[in-house]
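The following report concerns the protein model displayed below. Please consult the sequence and the coordinates while reading.

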Amino acid sequence: MKLVDLKFQPGVDKQDTAYSAGDQRKYIDSDFVRFHYGKPERWGGWSYLPNPNKTIVGVVRDTHSWIGLDGTRYLALGTDRKLYLYSGGSLYDITPIRETASGLSNPFTTNGTSTVTVTDASHGAKVGDFVTFDSFSSIDGLDMNNEFQVITVPSSNTYTVTHTGTASGSTSGGGGTGNANYQINIGPSTSELGYGWGTETWGASTWDEPRSSSEVTIFARSWSLDNFGEDLIATVLNGGTFIKDISGSIDARATALSNAPTASRFSLVSTDTRHLLIFGTETTIGNTATQDDLLFRFSDREDATDYTPVATNEAGSLRISDGSRIVGAVKSSGQILVWTDTSLHGIQFVGTPFTFGMRQLGANCGLIAQHAAIEVNGRAYWMSDDAFYMYDGVVKKMPCSVQDFVFDDLSYTNKNDIAVGLNTGFNEIIWYYPSADATQIDRGVAYNYLENTWYTISLGRTTWLGAYVYELPIATEYSASTTANVSTILGLTAGASFIYEQETGNNQADGTAISAFLQTGSVEIADGDELMSVSRLVPDFDNLANSMTATLTLEQYPQSSSNVTTTGTISSTTEKIDVRGRGRAVKIKYETNTVNDTAWRLGSTKLQLRPDGRR
């Protein structure tokens with residue numbers, strides 16, 4: 001009897017049938033298994049980023065790390081509700097203040113419960129917003145000098161908050177005189193289709209009737225984060241641009257950037273010239289009604305507060321003509337790459353008087369989401385609406401062995417939430433996306449850019465930050481049912497993100513096992529009408545500390561239902577697994593699901609075969 005090495009190719013192929021993929025010696029499915037140096041190996045674990053609270057408020061949509069002038073490391077995180085700064089093991093809420101109501105007189109009304117009604121003319125608050133009161137007197141035993149989340153908004157002049165205590169009485173108008181500091185309005189945690197009036201093109205359907213269907217998407221709140229020198233620049237989607245001065249108190253809030261537009265899609269700092277570029281912004285600065293999704297502005301060199309073009313500065317603006325909106329941008333070698341929903345453009349510094357020049361690099365290759373493009377070693381990679389692309393001087397559609405699996409089961413309503421990350425330790429680019437029935441990211445698709453292999457993973461990460469400033473990748477996961485562990489905010493509703501250090505340890509952050517598997521295609525082991533008898537599987541694993549389950553399925557034909565299945569256990573000392581069965585093809589599935597399971601690595605897969613009769 002001969003021992004046959006099946007010699008499987010690296011990567012996962014979900015485009016072919018199991019038999020077709022097996023003919024080419026390919027794997028057809030996996031989870032938490034990557035391909036490194038041509039061989040499959042189990043993913044590493046993750047743990048909580050060291051900080052007093054494991055969670056932060058809201059769903060994180062962008063992260064950015066940098067080093068200050070004194071060598072201090074910083075991490076910024078923007079959520080649908082807050083803006084955070086992490087440094088030295090501590091988290092700071094630096095969400096900008098939208099408005100301060102000073103000298104507010106007797107605004108609180110109690111009713112013997114924990115609900116307090118606040119009266120403030122033209123407060124501008126929305127349900128879910130955050131407000132902090134100070135300098136007020138207690139009312140009916142309730143200390144209102146805290147941060148609260150707004151629970152309801154009955155009118156433009158009133159809103160309600162919830163206290164942890166119960167009022168000892170009912171008072172209409174009390175609390176003395178103090179201040180109310182309103183943080184910027186929160187945004188949607190998920191993208192939604194907009195229904196009702198005004199969600200169709202002019203003249204469509206019937207007049208004065210709300211629409212029951214729509215192609216208008218209300219995008220979830222997103223951020224773009226970058227550093228200008230050592231200061232943080234943060235732009236909120238379709239909102240303002242803010243700056244956090246690192247030289248000041250670390251817990252001081254970010255403030256509105258002087259003279260900057262007040263409605264923009266995102267921003268980016270040019271690496272070589274230090275211009276702040278603001279995309280999808282206003283034609284008239286300060287007038288949100290003039291926001292143009294295809295216009296971008298750039299500040300004067302070294303001055304992020306000067307956007308008025310004059311003969312003595314380098315401020316200005318340009319407009320992209322191909323597409324309906326600017327979607328995203330990344331810094332690349334010698335230029336900034338900018339995508340619309342249909343095209344790719346390159347922006348290069350050309351000096352005075354024009355400052356920046358622009359040329360179109362590709363058409364029909366738009367970007368699917370703001371954070372779905374990345375640059376690696378002079379090449380750009382991105383996810384479009386129906387394919388993956390790269391740019392290395394020429395736009396190319398990338399062959400992808402899991403393409404249909406990804407794009408046939410993708411939530412296009414929530415596509416703007418897609419986030420890409422770089423895992424340099426394994427040469428991987430990973431796009432995290434929401435599946436068709438999901439409202440939040442719940443899957444990932446990975447590409448090894450050195451080995452040209454693909455695989456998928458059932459892991460939900462709303463952001464992934466490569467190991468640039470911190471030693472390990474940092475990623476975030478959202479839970480709509482979890483309330484953030486922030487006791488200083490009263491009346492806080494559910495919706496929180498966990499912050500993880502990835503590729504550390506062997507378990508999930510809560511100590512539970514990572515369930516991993518690898519499935520081969522159906523490999524033909526017999527020719528023509530003959531059958532082969534399989535008597536032995538010889539395992540070849542490196543770093544296998546715990547047990548693994550191997551399941552062999554011997555098949556007569558591709559559509560056969562009378563297959564023979566054998567299951568065996570593999571440990572680090574297992575020399576062979578005895579098998580008894582025959583067939584024309586065999587497929588093998590390896591599975592592990594134990595705590596402290598190591599990052600095992602599969603070498604070769606060998607079977608002992610001999611010809612067998614048909615009876």
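Which residue in β23 is the bridge partner of T235? The partner of T235 is T241.

This is a predicted model, in which local features need pLDDT of at least 70, side-chain atom pairs count only at pLDDT 80 or more, and totals for chains, interfaces and linings use all residues. Residues are numbered from 1 along each chain as its sequence is written, and side-chain values use heavy atoms, with hydrogens and water left out.

**The β21-β24 sheet**

Strand β22 (residues 231-236) and strand β23 (residues 241-244) run antiparallel and are joined by four bridges. They belong to an open sheet of four strands in the order β21-β22-β23-β24, with antiparallel pairing. Because β21 (223-228) and β24 (255-256) each have a single partner strand, they stand at the edges, and one side of each lacks a neighbour in the sheet. Two strands pair if DSSP finds at least two bridges between them.

**Overall build**

The protein chain has two helices and 54 strands; these are DSSP runs, of H or I with at least four residues for helices and of E with at least two for strands, numbered from the N terminus. Of its 615 residues, 55% are buried (under 20% relative accessible area, with a 1.4 Å probe and protein chains only). The C-alpha atoms fill a box of roughly 95 × 65 × 65 Å along the principal axes.

**Nonpolar core**

The largest nonpolar core has 85 residues, and Y381, W382, M383, F388, W431 and Y590 have the most contacts inside it. Strand β38 (residues 428-433) gives the most to this core, with five residues. Such a core is a set of buried Ala, Val, Leu, Ile, Met, Phe, Trp, Tyr and Cys residues joined through side-chain atoms within 4.5 Å. Leaving aside neighbours within four places in sequence, Y381 is in contact (heavy atoms within 4.5 Å) with residues including A372, Y389, I429, W431 and Y449.

**Cysteines**

The count of disulfides (cysteine sulfur atoms within 2.5 Å) is zero. The sulfur of C365 has its closest cysteine sulfur in C400, 17 Å away, which is too far for a bond.

| Cysteine | Relative accessibility | State |
|---|---|---|
| C365 | 0% | buried |
| C400 | 9% | buried |

**Cavity**

A search of the whole structure finds one cavity of 30 Å³ or more. The largest cavity holds about 40 Å³ of space, and its lining consists of R61, S222, H371, N416, D417, I418 and T462. A cavity is a set of points on a 1 Å grid over the protein atoms alone where a 1.4 Å probe fits but cannot get out, and lining residues have an atom within 4 Å of a point.

How values were computed:
Buried < 20%, exposed > 50% of the residue type's maximum accessible area, 1.4 Å probe, protein only. 1 Å grid on protein atoms, 1.4 Å probe; cavity = no way out; pocket = protein on both sides within 12 Å on 5 of 7 lines; lining within 4 Å. Points joined across faces, edges and corners; volume = space filled by probe spheres on them.
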